[in-house]
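Hi there,

Here is the structure I promised to send over.

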Amino acid sequence: MAEVGATGPRLFRPLTIRGVTLKNRLVISPMCQHEARDGLAQDFHLVHYGKFVLGGAALVLTENTAVLSYSLVGIDDLGIWSDDHIPGLRRIADFAHAHGGLFGIQLAHSGRKAFCEPLWKGGDALSLETLAESGVAWRRVGPSPIAAGRLWSVPEELSREEIHAITLAFADAARRADAARADVVELHFGHGYLAASFLSPLANRRSDEYGGSRENRMRFAIETARAVRAAWPATKPLFARLSCVDGAEDSWGLEDSVVLAGALRDEGVDVIDCSSGGLTEETRVGNLARGLGFQVPFAEEIRARTGVLTQAVGIILTPGQAEEIVAGGQADLVALGREALRTPYWPLEAARALGDPDDFGLWPIQHRDWLQRRQRVLNRLRAEGALQEKERTP
Ligand SMILES: Cc1cc2nc3c(=O)[nH]c(=O)nc-3n(C[C@H](O)[C@H](O)[C@H](O)COP(=O)(O)O)c2cc1C
């Protein structure tokens, strides 16, 4: 990995990981939209991800994308369990490449938290009645028969053979991501989904080599990372998202994540995306105090102690805050979720905020000169006192 072009705000310095160069440090965080059909990307996804590409983020990550049909988080989330899913994803990758961006796919197996409602319907587990009516082939599986919470059904305990088959499904999904011309694959090992449920002693009570000691609980994640690394080109970066802490008593904690991050690094994972929580309804509702940049210390600790690149995420709102995270060595990349939903052109606005407010040089070529010219008019009007405060553009 190497840094080039070391001038200007740190947030806008490129970063090369393996054979891929991110033009800045801004990533759009995975966000499920519940707009796919049979896991297939729709026009919605092209527009949704495309707007972030035009908005100047270096890398746009998909929502959790299911490696097996029964492992969807929501019925209408993206999938990558068959070759039929490749063309829709490739269309988005091609768009990103044509407009100076990179496209990554978050590979996921929802485990015991398969099939929930969209948040606009409450976000709860789908009941067995609703699942039966929907006609989807659903399964909830986990390391042990322990439900994720009050509203979740008890998952089936996976056999060793099934665990191996899921690891292979992740590798097959990575091959399809490559065929879809994705630049990055992110393994979703957080938020209480399958890998996270193996990691946490609250969800994993197995007595075989996949349960018990921390080393055993990490085995599924490690084997999956190894299988994906072997299937995914050596020139392309591999990310893994962790819930760095479960946020509950006697559960997975930051010390555990430091150990896991080091082991994943040794398997060829390049970036640890530092999230938290989600294991159970209790942790979802929040034992974690959610303040500004509340997960940044996890990214900082893991980066300092393992030397792996980290991505910070969670209530990162302003360009100054993001710049401090990168410049202060707390993380190498900053992921934006809800703030990007609110302002898809956030990276472009941030570049102006941290640099020259009159410079639209990073904006899409189709817009750049128009905005530049208008800015000159606005500056003149401002100098003449002809712009009221409320009429000022940023
Ligand atoms: C609408 C929405 C959907 C999300 N879906 C996912 C997902 O599919 N995978 C994932 O890892 N995180 C998901 N998240 C979490 C975000 O990636 C991010 O970590 C979180 O929103 C905190 O960042 P923020 O404060 O910038 O929004 C989702 C968040 C939102 C708001």
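With 394 residues, a compact globule would have a radius of gyration near 21 Å, and the protein agrees, at 21 Å. That radius is taken over C-alpha atoms, and the globule rule is 2.2 Å times the number of residues to the power 0.38. This is a predicted model: local features need pLDDT of at least 70, side-chain atom pairs count only at pLDDT 80 or more, and totals for chains, interfaces and linings use all residues. Residues are numbered from 1 along each chain as its sequence is written.

Along the principal axes, the C-alpha atoms fill a box of roughly 75 × 45 × 40 Å.

The protein has 13 helices and 13 strands (DSSP runs, numbered from the N terminus: H or I of at least four residues, E of at least two). Of the 394 residues, 47% count as buried, that is, with 20 or more other C-beta atoms, placed from the backbone, within 10 Å of their own.

Buried residues of α6 include Arg217, Phe220 and Arg229.

Best wishes

Notes: Buried ≥ 20, exposed ≤ 12 C-beta atoms within 10 Å, placed from the backbone.
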